[in-house]
Amino acid sequence: MSNGHTRHLPQSSKRVCLVAAAALIGSLVLSAQPGSAEPGGGPAADRGKPTITEIQSRIDTLNHQAEIASEELNTVRVQMKAARQRLTAIQTDVARKRHRVEQLRALVVGTALSDYQNAGGLSTSTSLLVADNPSSFMDGVASKAMVEFQQTALLTQLSQRQRQLSSQEKQAASELAAIKKGQAEAAQHKAELARRTKQAQDILDTLQAAQLARLQQLQSTPQPSRSAVRVAVSDVPASERAKVAVQTALDQLGDPYVYGASGPDSFDCSGLTMYAWSAAGVALSHSSSVQSAQGTPVSISSLMPGDLVFYYSPVSHVGMYIGNGQVVHAPHTGSYVEVVPLNSMPINHAQRVG
């Protein structure tokens, strides 16, 4: 885990926010306005190429779109995990019900054989009881004698158990279908992330060293020291659990953003908030979309340290309010856990989870 509190820039292999679709950046050779030049003075030969500011703007857009895909992937994973848990529970219950149905059927058959021994033979209706297919037996009951026998508690219970078993087997099939669908969606999100990241990297590889240095400079924002943040946070009222969550999040300042990561040394946005609140004993899902419905809604004007602030519409990013109009968050690939102003991104809403 990083012990630094000043945001470090990535090495050349981590260059800049390499996270998004090249299709949105487009070609680096874009038409510039007549007479436009690179900030700081660019040669006339550079006319017709995008300025560093324009490249930065496009990368910001790409970062956001990449995070949308990443958080959608997180949501699919959460849904698949829940579906697997439901399937396991259903399968366990189905196995138990099958065993009970077989016990009841054996008991019914035993009763039928007893009738045979007592009456000197099997009636037409009783013969159906020992059929290999109990479902066909149930459907084929028609005679008056069988109707009377069907009224007994034993046979009624067997019929009910079979219906319950059939219903749960259908539920299990439905959960299996949901898991397969989730697997297909997850594969699509992964492939899209890989494709966009590669295309963005290919484009950034065409930048000259001076351009990369300038871009890194634009992306670098001064970060407060951890001691300064602790002093500021200590001045803001918060619940004991919220204090633990906030401090845990702040302890990650400088740790890198990695898709799908939830600690202890790297994070994505929802992974950071999940990790921080887990330290305070509160379980959250690893998805900004799912987290946005967890806890209790709270107005922006009533924010307290530890509250989760969700950004964009639909929700695709989350940060943790730490007081004094600031949030701690994991921004995007190529960046690090940092503290930024609350309004640095379009706010959707906020939730209080502990």
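Helices (H or I, at least four residues) and strands (E, at least two) are DSSP runs, numbered from the N terminus. The views below show a predicted model, in which local features need pLDDT of at least 70 and side-chain atom pairs count only at pLDDT 80 or more, while totals for chains, interfaces and linings use all residues. Residues are numbered from 1 along each chain as its sequence is written, and side-chain values use heavy atoms, with hydrogens and water left out.

**View 1. Overview of the chain.** The protein has eleven helices and six strands. Of its 354 residues, 42% count as buried (buried is under 20% relative accessible area, exposed over 50%, and partly exposed in between, with a 1.4 Å probe and protein chains only). Taking contacts (heavy atoms within 4.5 Å) between residues at least 6 apart in sequence, 69% join residues at least 24 apart.

View 2. Y312 has a relative accessible area of 21%, so it counts as partly exposed. P314 is found in the loop between strand 2 and strand 3 (317–323) as well. The peptide bond that leads from S313 to P314 is cis, with omega near 0 degrees.

View 3. N324 is a residue other than glycine with a positive phi, near 55 degrees.

**View 4. The salt bridge between R86 and E175.** The structure holds three salt bridges (a side-chain nitrogen of Lys or Arg within 4 Å of a carboxyl oxygen of Asp or Glu). In the one between R86 and E175, the closest N and O atoms are 2.9 Å apart. The pair links distant parts of the chain, with R86 in helix 2 (residues 52–119) and E175 in helix 6 (residues 153–204), 89 residues apart. R86 counts as partly exposed because its relative accessibility is 40%, whereas E175, at 13%, counts as buried.

**View 5. The salt bridge between R352 and D307.** The closest N and O atoms of R352 and D307 are 2.8 Å apart. R352 lies in strand 6 (residues 347–352) and D307 in the loop between strand 1 (296–298) and strand 2 (308–311), so the pair ties together parts that are 45 residues apart in sequence. D307 is buried, with a relative accessible area of 2%, whereas R352 counts as partly exposed at 31% relative accessibility.

View 6. K243 is partly exposed, with a relative accessible area of 43%, and E240 is exposed, with 58%.

**View 7. The packing of helix 9 against helix 10.** Helix 9 and helix 10 (residues 269–279) pack at an angle of about 135 degrees, with their axes 7 Å apart. Axes here are lines fitted to C-alpha atoms, for helices over the stretch in contact, and angles run from 0 to 180 degrees between N-to-C directions. That angle makes helix 9 oblique to helix 10 (under 35 degrees is roughly parallel, over 145 roughly antiparallel, 65 to 115 roughly perpendicular, and the rest oblique). On the helix 9 side, R241, A242, V244, A245, T248 and A249 meet L272, Y275, A276, W277 and A279 of helix 10. These contact residues divide into nine nonpolar, one polar and one charged (Ala, Val, Leu, Ile, Met, Phe, Trp, Tyr, Cys and Pro count as nonpolar, Asp, Glu, Lys and Arg as charged, and the others, Gly among them, as polar).

**View 8. Helix 10 and its flanks.** Eight of the eleven residues of helix 10 are buried, so this helix is largely enclosed by the rest of the structure. The buried residues are C269, S270, G271, L272, T273, M274, A276 and W277. Helix 10 is followed by G281, whose phi is positive, near 85 degrees. In the loop between helix 9 and helix 10 lies P264, and the peptide bond from G263 to P264 is cis, with omega near 0 degrees.

View 9. E67 has its place in helix 2 and counts as buried at 5% relative accessibility. Not counting residues up to four places away in sequence, E67 touches Y257, C269, S316, H317, A330 and P331. The C-alpha atoms of E67 and P331 are separated by 8.7 Å, although these residues are 264 apart along the chain.
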